[in-house]
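Please open the structure in a viewer and keep the selection panel at hand.

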Amino acid sequence: MSVGESATPLGTVEGLGSAREGGEHWLAERVTSAALLLLGAWLIASLLFLPSLDQRTMAEWLSTPGGAVPMALLVVTAFVHALDGMKVVVDDYVHDAGNRFALNTLLLFVAVGAASLALFALGRIAFGGAA
Amino acid sequence: MLVSILHRVTGAALATAGLALLVWWLMAIADGPDAYAAFTRAAMHPVGLVVLVGLTWAFFQHLLSGLRHLVMDTGAGFELATNKRFAMLTLAGSLILTLLIWVPVLGGLL
């Protein structure tokens, strides 16, 4: 852990001080939230304006670039944003450093796994593997 | 205070149940009509409907209080009265948007 130049002698001894990171995380959470605002509006508008919600309509819609690309962006952005948010919650409530690291790592694995499943499903729909 | 904690609660609900549902939905579309029928059956079950309506509300509540946080990030809206009014607006807004989407849908089911 690095200690800022402005740390007091007591702070230096205790190893406290600015973590010197976190700004990027804070900003990333806001950038993904702005993207999700647009992508969420797109998803709701799409579902409202599609002629039907049956499987064939959904699959045809998600086979077009206008359906597949925003949906893939939505999946990735939503998982990144969810992971950022859950990390804040974990960091706030889990006080033991080992448990915190373990839980954050578990969340990362689950998020990457689930996002990959969603992207693979989208690939099957778009590239014809789907029924 | 209430709206702030709701932002976390709704965020956690969306991150877990919401994203699980999104993945299930996409996989069901990819798997074909039978898998999709199973998904729709679960979604139209009373429990499924409660979850869907709840997640819709959570989505709008999180979206609106997120917008509130973005405004507050600029340093605006910290006056007590303004801040409280903005918080109340997120509660009213999420309720109205949820009803706007679900009243026609549930009306069609009944």
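Helices (H or I, at least four residues) and strands (E, at least two) are DSSP runs, numbered from the N terminus. This is a predicted model, in which local features need pLDDT of at least 70 and side-chain atom pairs count only at pLDDT 80 or more, while totals for chains, interfaces and linings use all residues. Residues are numbered from 1 along each chain as its sequence is written, and chains are lettered from A and ligands numbered from 1 in the order in which they are written.

Select chain B. Its secondary structure consists of four helices and zero strands, in the order α-α-α-α along the sequence. The C-alpha trace of chain B spans about 55 × 30 × 15 Å along its principal axes. Of the 110 residues in chain B, 25% are buried (20 or more other C-beta atoms within 10 Å of the residue's own, with C-beta atoms placed from the backbone).

Select chain A next. Here there are five helices and zero strands, running α-α-α-α-α from the N terminus. Buried residues account for 20% of the 131 residues of chain A.

Finally, display both chains. Two residues are in contact if their C-beta atoms, placed from the backbone, lie within 7 Å. The contact between the chains takes 23 residues from chain A and 17 residues from chain B. On the chain B side, select α1 (2-31), α2 (33-44) and α3 (46-73), the elements that give two or more residues. The largest share, eleven residues, comes from α1(B).

Terms used: A residue is buried if 20 or more other C-beta atoms lie within 10 Å of its own, exposed if 12 or fewer, and partly exposed in between; C-beta atoms are placed from the backbone.
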